[in-house]
Amino acid sequence: MRPLIGTGLKMNLTSSEAAIYFDELSQLVAPLSSCEIFVLPSFTSIWVARDRLRGSNVYWGAQDVHPNEAGAHTGDISAAMLVDLGCSFVEVGHSERRRDHGETDEMVALKVRQVLRHEMTPIICVGEHIRGRPEAALDHVLRQARTGMSLGSEADRRRVVIAYEPIWAIGEGAIAADPAHIGAVHRGLHQLATRVIYGGSVDPITAGPILAQTGVDGLFVGRAALDPKQFAAIAAIAARTKS
Ligand code: PGA
């Protein structure tokens, strides 16, 4: 299995900025065929990803989706709209969406089902609020992931990617979780999903030791990936560590 290295660009980059970003990134990662790489821009730049990344080794996707097929949901985006733009991955339940939009594990389950119905790969984000022992963290994230995956069939569930993202390790001023902690949580999460990736303050320094842990199948990079050179450096580390 190739390591899965992705980024959610969050609420960054206009479509014009994204075009420059995609052009630079696709060049930098072109030699890294031993990694599976994806970017999740904001909705307004997905069409740019389709235009600029088509034919490259970078997949693209979205940071959210509506659980319903279509209809009276002002401002929302459906799974069919994402498929139409060539999306492969859809992130569901990031802690910032849970915080800003009150998303619950039950809402995550509805969205995951919708992504699976449309043959895209859901990335379910789970994570505990407070730094503690790996056993306690695992207990929490298993509960989140079980609910989030509860509406898919057994076969569908094997397609789900789980992103372990401890909330205390995400964002400006935070530092990545300890590799041993991450490894322990990932090995536990593997009872639910084939691919478990880690997110939270990943950068070119922390990437190697985290990827060296058994059970870590890839990385979900935030702010470091806003610089395509750093994102490509992390992907290169993954290609080396996991090959
Ligand atoms: P960060 O974000 O790398 O900026 O901590 C990670 C994430 O939210 O996935």
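Visitor: With which residues is Gln63 in contact, leaving aside its neighbours within four places in sequence?

Guide: In this predicted model, Gln63 is in contact with Gly8, Leu9, Lys10, Leu40, Pro41, Ser42, Glu91 and Arg97, once neighbours within four places in sequence are set aside. Gln63 itself is placed in the loop between S3 and H3.

Visitor: What makes the approach of the Gln63 side chain to the backbone oxygen of Lys10 a polar contact?

Guide: A polar contact requires a pair of N or O atoms within 3.5 Å. The side chain of Gln63 reaches the backbone oxygen of Lys10 at 3.2 Å, and a polar atom of that side chain lies 3.3 Å from the backbone oxygen of Pro41. Both distances are within the 3.5 Å limit.

Visitor: What makes the pair of Lys10 and Glu96 a salt bridge?

Guide: The cut-off is 4 Å between a side-chain nitrogen of Lys or Arg and a carboxyl oxygen of Asp or Glu. For Lys10 and Glu96 the distance from N to O is 2.9 Å, and the two side chains meet in a salt bridge. This pair links distant parts of the chain, 86 residues apart: Lys10 is in the loop between strand S1 (4–8) and helix H1 (15–29), and Glu96 is in helix H4.

Visitor: Why are Lys10 and Glu96 called partly exposed?

Guide: The class of partly exposed lies between the 20% limit for buried and the 50% limit for exposed. Lys10 has 26% relative accessibility and therefore counts as partly exposed. Glu96, at 22%, also counts as partly exposed.

Visitor: How many salt bridges does this rule give?

Guide: The count comes to 16 salt bridges. One of them joins Arg195 and Glu36, whose closest N and O atoms are 3.0 Å apart. Arg195 lies in strand S7 (residues 195–199) and Glu36 in strand S2 (residues 36–40), so the pair ties together parts that are 159 residues apart in sequence. Arg195 and Glu36 are both buried.

Visitor: How do you know that Arg97 forms a salt bridge with Asp64?

Guide: The closest N and O atoms of Arg97 and Asp64 are 3.3 Å apart, and the limit is 4 Å. Arg97 lies in helix H4 and Asp64 in the loop between strand S3 (58–62) and H3, so the pair ties together parts that are 33 residues apart in sequence. Salt bridges that share partners join Asp64, Arg97, Glu103 and Lys111 into one network.

Visitor: Why are Arg97 and Asp64 placed where they are on the scale of accessibility?

Guide: Arg97 has a relative accessible area of 22% and is therefore partly exposed. Asp64, at 6% relative accessibility, counts as buried, the limit being under 20%.

Visitor: What makes the span of helix H5 close to the one expected?

Guide: Helix H5 (residues 105–117) has 13 residues and reaches 18 Å from its first C-alpha to its last, close to the 18 Å expected at 1.5 Å a residue. Its buried residues are Asp105, Val108, Ala109, Lys111, Val112, Gln114, Val115 and Leu116. They pack against several elements, including strand S4 (89–92), strand S5 (121–126) and helix H6 (134–148). Just after H5, Glu119 takes a positive phi of about 65 degrees.

Visitor: Why is Thr7 called buried?

Guide: Thr7 has a relative accessible area of 0% and is therefore buried. This residue lies in strand S1, and its side chain reaches the backbone oxygen of Val221 at 2.7 Å.

Visitor: Which residues surround the ligand?

Guide: The ligand is surrounded by Lys10, His94, Glu165, Ile170, Gly171, Gly200, Ser201, Gly222 and Arg223. A polar side-chain atom of Glu165 lies 2.7 Å from an oxygen atom of the ligand. A backbone N or O atom of Gly171 lies 2.8 Å from a ligand oxygen atom, and a polar backbone atom of Gly222 is 3.0 Å from an oxygen atom of the ligand. The protein covers 97% of the 280 Å² of accessible area that the ligand has on its own.

Key:
Residues numbered from 1 in each chain as written. Predicted model: local features only at pLDDT ≥ 70, side-chain atom pairs only at ≥ 80, totals over all residues. Heavy atoms only, no water. Helix = DSSP H or I, 4+ residues; strand = E, 2+ residues; numbered from the N terminus. Expected span 1.5 Å × (residues − 1). Buried < 20%, exposed > 50% of the residue type's maximum accessible area, 1.4 Å probe, protein only. Contact = heavy atoms within 4.5 Å. Near = heavy atom within 4 Å. Polar contact = N/O pair within 3.5 Å; in protein donor to acceptor, adjacent residues only side chain to side chain. Areas by Shrake-Rupley, 256 points an atom, 1.4 Å probe, with all protein chains shown as cover.
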